[in-house]
Every structure is written in structure tokens, then in C-alpha cells.
Amino acid sequence: MRAALVAAALVALAAQKDANAAAAGLSSADPAVRTQAACELRAFGGQASPFIPRLAALLDDASPVDPAVCAERTWRFRGGHDSTTPGEQAASALVAIGTPSQPVLMRALAGPAWVARRNAAWALGALDSSEAVPALIEALKDTDAGVREQVAWALGAIGDRRAVDGLVAALGDSAPGVRKQAAWALGAIGDKRAVQGLMHALKDADAGVRKQAAWALGAIGG
């Protein structure tokens, strides 16, 4: 029994040493190295928790990087893009770490950098963070349309009915992408309180919004 405990401790020590080596790249002047470091830390999951502050500091890093630097370790969440960023991969590493990352993500959601707010919104949705729902609802009023769109996605991914009123209001957002994502989120949540707003969205000037509203009404059903 003692031998097994010693062996487990040695394995954990080796893993932490490897995580330390990976984390060294987070402070590199090269964005590709920073991105690769975040991708490598993601593979350590909770063992990377000592590096939460350093990963959080990268959330506003929007330097474009070829995703090939991460090979199979990359975690893409902005489909259709041919590049990734240190901030995106830092967000994915924070999600892999899990619940201990929530406090820094909540702070980033309310921070001054829109890139960090967008990445934090995605991460909170990927974490299925019900604790973040009130803050995400408030963030539907963010000054940046990209942030609002990501927030709408996060609320739909979490699926909390508290978000319905805010998402219905977002169907009137000035940005078509936000309206479309809000319609998707309402369909994902499936609350009948959204029906009237979605019916109105069927007349939206944007075809993508109309299509998503129709899908959402079908998802909610009769």
C-alpha cells in the first residue's frame, strides 16, 4: 500500500514538473509559443490549476496564430476561422482546469478588454456555469457585439431559464449575429415564454435570424 502511494506521488510530481515546463512558454514574446503553452497546459486538466492567474492574463491576447502549433491539442471554438489566438487557447485551458477557474473568468467577463470578455463568456458557457448566469445576462448589454454574441451562446449552452427575458430582449439587438445567437439560445433553453419574441423574429430583416428563429420555435414545440 505504501509503495503504491509513493509511486502515485512520484507520478504526480513528474506531471507537475512537466506542467511547469509547459507553463514557461506563457510569457514568451512569440504568440505561437504562448498559444502552444496554453494548449499543452490544457492536457494537464486540474493539475494546471497553479497557472490559472497566468492563463487568465492571456485572455485578452488576440494575436493570430496558426492552429497547427497545437497539433491535436488545440481546442477550436470559433468555427470557420483559419487561425487561433493565445487568448482562445488560454480560455480552453481554463475550462479544462474546471471549477477553480470560474472566479478569474467572472472577473474577466466584467473587465476592460473586450477580447478577454468574449473569451471568458465562451469559457463560462463551456463550463456550464450556472453561477455565472446573472453576470452573463448583464453582459448581454456589453458595448461590443462580438461579446454579446458569445454571451448569448453561453447562456444557451448553460440552458438556464433565468436567461429567457434577457435573450428575448437580445432578439432586438442592432447586430444580426447577436439576434441569431439569441434565437438559437432560446431554442436550446426551450421555454415557451420565448415564443412571442421568436414569432416576431420570423420577420427579421436578416435571413439567418429568420431561419434560426424558425428552428427555435420548432425546438420549443407546441
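# Exercises on a helical chain

Helix α6 (residues 114-126) comprises 13 residues and spans 18 Å between its first and last C-alpha, close to the 18 Å expected at 1.5 Å a residue, where the expected span is 1.5 Å times one less than the number of residues. The model is a predicted one, in which local features need pLDDT of at least 70 and side-chain atom pairs count only at pLDDT 80 or more, whereas totals for chains, interfaces and linings use all residues. Residues are numbered from 1 along each chain as its sequence is written, and side-chain values use heavy atoms, with hydrogens and water left out.

## Exercise: the whole chain

Describe the secondary structure, the burial and the contacts of the chain.

Solution. Begin with the elements, taken as DSSP runs numbered from the N terminus (helices are H or I with at least four residues, strands E with at least two): the chain has 12 helices and zero strands. Turn next to burial, where buried means under 20% relative accessible area, exposed over 50% and partly exposed in between, with a 1.4 Å probe and protein chains only; of the 222 residues in the chain, 47% are buried. Finally, with contact taken as heavy atoms within 4.5 Å, 65% of the contacts between residues at least 6 apart in sequence join residues at least 24 apart.

Is α6 largely enclosed or open, and what covers its buried residues?

Solution. Counting first, 11 of the 13 residues of α6 are buried, so this helix is largely enclosed by the rest of the structure. The buried set includes the arginines Arg117 and Arg118 as well as Trp122 and Leu124. The cover of these buried residues includes α4 (86-97), α5 (102-109), α7 (133-139) and α8 (145-158).

## Exercise: α6 against α8

Determine how the axes of α6 and α8 are arranged and which residues make the contact.

Solution. The two axes, as lines fitted to C-alpha atoms (for helices over the stretch in contact, with angles from 0 to 180 degrees between N-to-C directions), come within 8 Å and cross at roughly 10°. Angles under 35 degrees count as roughly parallel, over 145 as roughly antiparallel, 65 to 115 as roughly perpendicular and the rest as oblique; α6 and α8 are therefore roughly parallel to each other. On the α6 side the contact residues include Trp114, Arg117, Arg118 and Trp122, and on the α8 side they include Val147, Gln150, Trp153 and Ile158. By class, the contact has 11 nonpolar, three polar and two charged residues, where Ala, Val, Leu, Ile, Met, Phe, Trp, Tyr, Cys and Pro count as nonpolar, Asp, Glu, Lys and Arg as charged, and the others, Gly among them, as polar.

## Exercise: α10 against α12

Carry out the analysis for helix α10 (residues 176-189) and helix α12 (residues 207-220).

Solution. Their axes come within 8 Å and cross at roughly 10°, and α10 and α12 are therefore roughly parallel to each other. Among the residues making the contact are Arg179, Lys180 and Trp184 of α10, together with Gln212, Trp215 and Ile220 of α12. The classes in this contact number 11 nonpolar, three polar and two charged residues.

## Exercise: two aspartates in loops

Where do aspartate 128 and aspartate 142 lie, and is each buried, partly exposed or exposed?

Solution. Aspartate 128 lies in the loop between α6 and α7 and, at 47% relative accessibility, counts as partly exposed. Its phi is positive, about 55°, although this residue is not a glycine. For context, most residues other than glycine have a negative phi. Aspartate 142 sits in the loop between α7 and α8 and, at 12% relative accessibility, counts as buried. Beyond residues up to four places away in sequence, aspartate 142 touches Arg117, Val147 and Arg148.

Solution. Helix α4 has 12 residues and reaches 16 Å from first C-alpha to last, close to the 16 Å expected. Proline 31 lies in helix α2 and is partly exposed, with a relative accessible area of 23%.
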